[in-house]
Amino acid sequence: MSDSDSKLSIPPASTYFMVEEKEPVETHTLSVVVDNEPGVLARVIGLFTARGYNIEQLTVSETEHEKNISRITIVTSGTPHILEQIRSQLKRLVPVHSVADLTLEGDPIERELALVKVRGEGEKRVEALRLADAFRARVVDAHTGSFVFEITGKTRKVDQFIQLMKPLGLIEVVRTGIAAISRGPEAMKV
Amino acid sequence: MAEDANPAASAASAKPEMMTGAEIVLRALKDQGVKDIFGYPGGAVLPIYDELFQQDELNHILVRHEQGAVHMAEGYARSSGKVGVVLVTSGPGATNTVTGLMDALADSVPVVVITGQVPTTLIGSDAFQECDTVGITRSCTKHNYLVKDVNDLARTIHEAFYVATSGRPGPVVIDIPKDVQFATGIYVPPHNVTHRTYRPQVRGDAGAIAAAVELMARARRPVFYTGGGVINSGPRAVTALRELIRMTGFPVTSTLMGLGAYPASDPQWLGMLGMHGTYEANLAMHDCDLMIAVGARFDDRITGRLDAFSPGSRKIHIDIDPSSINKNVRVDIPILGDCGIVLEDMIAAWKEKNLKPDEDALRKWWEQIDVWRARQCLSYRRSEEAIMPQEAIERLWAATREHDPIVSTDVGQHQMWTAQFFRFEAPNRLLTSGGLGTMGYGLPAALGAQAANPGRLVICITGDGSIQMNIQELATAIQHRLPVKVFLLNNNYLGMVRQWQELLHGNRLSESYVEAQPDFLELARAYGWHGIRCTKPAELDEAIREMIAHDGPVFVDCQVVNLANVFPMIPAGQPHNEMLLGEETANAEKAGV
């Protein structure tokens, strides 16, 4: 339906018209401050699935216990038009206090944590420890045949570490989603 | 909106009022100004019904299906501006409200639905008539609550009314477990209960308004495109809209949901726009250079193909919902706010800057519009032998004008013909399911409107498919003495579906012919209604006269031509200036630009 002949071609016999999306897709990190009430996460996720938006990563936890506030960090992707819709739809939810598009506001600080279990002996074991040192990963569990490393950093750095561990005996990985915060002195409206 | 309890008295009485959850519910509703509730009892909600029995300020209307209760609340709210209130039980009672809730959400109608729930200790144990009401209704409500502590109950109910009525109105569900209804707790009166953070913006940005009126003064081919938001905003918005349109002399069109905000008899009225809108309205929208959208959301029934929608125009969009702005159509001047307040500010700005419209250009624009009007796009051929559905609606409108009736419709061809031929002069007169298009809406909505407007003439125009979806509510009319008039355009087909199949699916009429129709009058009489049948055009006027004169509910079985089509029509996938016109339209069937 998107070619130049579309005006002449017979439209599909449908109650709706179908248009193709042409804008480029971008990945953005959103920070959503919400009331910490039962079901609020389900509400936010329900919004994304109901409207067909993408959730690539999601982190949520309480940030201010006295005020009963939680913060949800979502990594989502879409065209700029879709991203604008996602922001307005989120703001429309009654328990949502504020929504910030950290990527739009400029280069946020993003960190995630991974626990990486590596089983190896001899040379591979030594190499794993050396690499962990280079990546500033800590050993949080050690046995004669295995380690568990804890690494924090940007997603790219964690991805790299995991890739490097694979030939060295990587057997299990558990990752959190990202926590993100804007640079500079301004805080998010609560 | 929330009625304040006497602040002085509340401040003076330091002793908190203790009462059971069920009593709190009724007290909160009364303090919110509620007079009527639509409901159906059940196990999980018996404590509330017990309290209801022991008082007589709140009037309860017993429906015959919970879906009917929600549509009644919608008709009540739409026709009066008040909040519609529903009370149903858990499990199937709650799930039966889902269609009505989605309908209220799609059309922005303020409705509060209270559902019973199994006791808190049994939640999650697959108890009898248990369901995850909050989970199921999460996406079909504006907001919902599960109240687990009786001390939160009063505040929650007041907050629910606030959420339902502020910003863009919508439905709210309050799920109350049975043990909470029995428990004793503190009652909190409504004043000062709003919401910590949900405060929709109502005043439009002054800079945007100034820019907008400047654009309007320079426009050569302007048009107002108004929608349901004007009516939701209230009488202030309707008054301001009329004043602004008359001041500027611009043409005006409206969506289905906005009909009546501007009087149809006025020469500046172009008729409804959209998929079945008038030729002149759709072409004016396509060819305009300035489109002023007020309380409308650029729905796909209006725009047709988006990439060909009003390509040469600048657009001003006034809306209270920020997510509606720039959602489907890019606009040049978005103005976020309550359209009543924004329109008043626009009038003030226009007067203050001493602006005048471009009279010369406007005159030429109206000349062009009159050429389009001359096509007489709503023409149809009358018959002596059989009743054309368009004629039935026209005769109905003419005969009831002096009564200023409230009209509800179901969904389908009859709904479109009503929008085209029943010329509405004032808001809150047309009750119809626009966004969701729910068949079965008409009869209960009419009953709700009658409950809100006793003594008024209320007519439900319906089709033979739609009327059967909530036909059980015929009983509610009798029980509660709601003398609604049902006017059935009976053509033995699911008309709108048949029309699409004829025009776009090679006339393969798959399941659109309705066999085994009941004798509707026997059915209506079995419920205790008065029945009238008409089959010939000559019988129409008398049938309508008798319908109006009869004291009580009346069912008119008006048998009409089976295969009539609604024109104009913009088939999906077409731009909104390429319409199919009926055979009778002056000069040809298919109209181009």
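Biologist: How should I read the numbering and the confidence rules here?

Modeller: Residues are numbered from 1 along each chain as its sequence is written, while chains are lettered from A and ligands numbered from 1 in the order in which they are written. Since this is a predicted model, local features need pLDDT of at least 70 and side-chain atom pairs count only at pLDDT 80 or more, whereas totals for chains, interfaces and linings use all residues.

Biologist: What is the mean pLDDT of chain B, and where does pLDDT stay under 50?

Modeller: pLDDT is the predictor's confidence in each residue, from 0 to 100. In chain B its mean is 93, and 96% of the residues reach 70 or more. It stays under 50 over residues 1-5 of chain B, a stretch with 17 contacts beyond four places in sequence in the model, and is also below 50 over residues 587-593 of chain B, which have 10 contacts beyond near neighbours in sequence. Two residues are in contact if their C-beta atoms, placed from the backbone, lie within 7 Å. For the complex, the predictor gives an ipTM of 0.82 and a pTM of 0.91.

Biologist: How many residues of each chain are in contact with the other chain?

Modeller: The contact joins 23 residues of chain B to 21 residues of chain A. Sorted by class, the chain B side has 8 nonpolar, 9 polar and 6 charged residues; here Ala, Val, Leu, Ile, Met, Phe, Trp, Tyr, Cys and Pro count as nonpolar, Asp, Glu, Lys and Arg as charged, and the others, Gly among them, as polar.

Biologist: Into which domains is chain A divided?

Modeller: Domain bounds come from an automatic or database domain assignment, and for chain A they give domain 1 (20-105) and domain 2 (109-180). Taken over C-alpha atoms, the centres of these two domains of chain A are separated by 30 Å, and 8 residues of domain 1 of chain A are in contact with 6 residues of domain 2 of chain A. On the domain 1 side, the elements giving two or more residues are strand 1 (26-35), strand 2 (57-64) and strand 3 (69-78) of chain A, with strand 2 of chain A supplying the largest share, 3 residues. Helices (H or I, at least four residues) and strands (E, at least two) are DSSP runs, numbered from the N terminus. That side of domain 1 of chain A has 3 nonpolar, 5 polar and no charged residues.

Biologist: And into which domains is chain B divided?

Modeller: Chain B has domain 1 (7-187), domain 2 (206-373) and domain 3 (389-566). The centres of domain 2 and domain 3 of chain B, taken over C-alpha atoms, are separated by 31 Å, and the contact takes 12 residues from domain 2 and 14 residues from domain 3 of chain B. The side of domain 2 of chain B that touches domain 3 of chain B has 9 nonpolar, 3 polar and no charged residues.

Biologist: Which residues of helix 23 of chain B are buried, and why do they line one face?

Modeller: An α-helix has 3.6 residues a turn, so residues three or four places apart point the same way. A residue is buried if 20 or more other C-beta atoms lie within 10 Å of its own, exposed if 12 or fewer, and partly exposed in between, with C-beta atoms placed from the backbone. In helix 23 (residues 537-549) of chain B, the buried residues are L540(B), A543(B), I544(B) and M547(B). Seen down the axis, these fall within an arc of 100°, so they line one face of helix 23 of chain B; the arc is that of the directions from the helix axis to the C-beta atoms. The face turned away from the buried side carries the exposed residues A538(B), E542(B), R545(B) and A549(B). Among the elements covering the buried residues are helix 17 (389-400) and strand 18 (485-490) of chain B.

Biologist: Which residues other than glycine have a positive phi, and where is the cis peptide bond?

Modeller: Most residues other than glycine have a negative phi, and most peptide bonds are trans. Q129(B) has a positive phi of about 55° and lies in the loop between strand 5 (111-117) and helix 7 (133-137) of chain B; with 16 other C-beta atoms within 10 Å, Q129(B) is partly exposed. R481(B), whose phi is near 50°, lies in the loop between helix 20 (474-479) and strand 18 of chain B, and counts as exposed with 11 C-beta neighbours inside 10 Å. The cis peptide bond joins F567(B) and P568(B), with omega about -5°.
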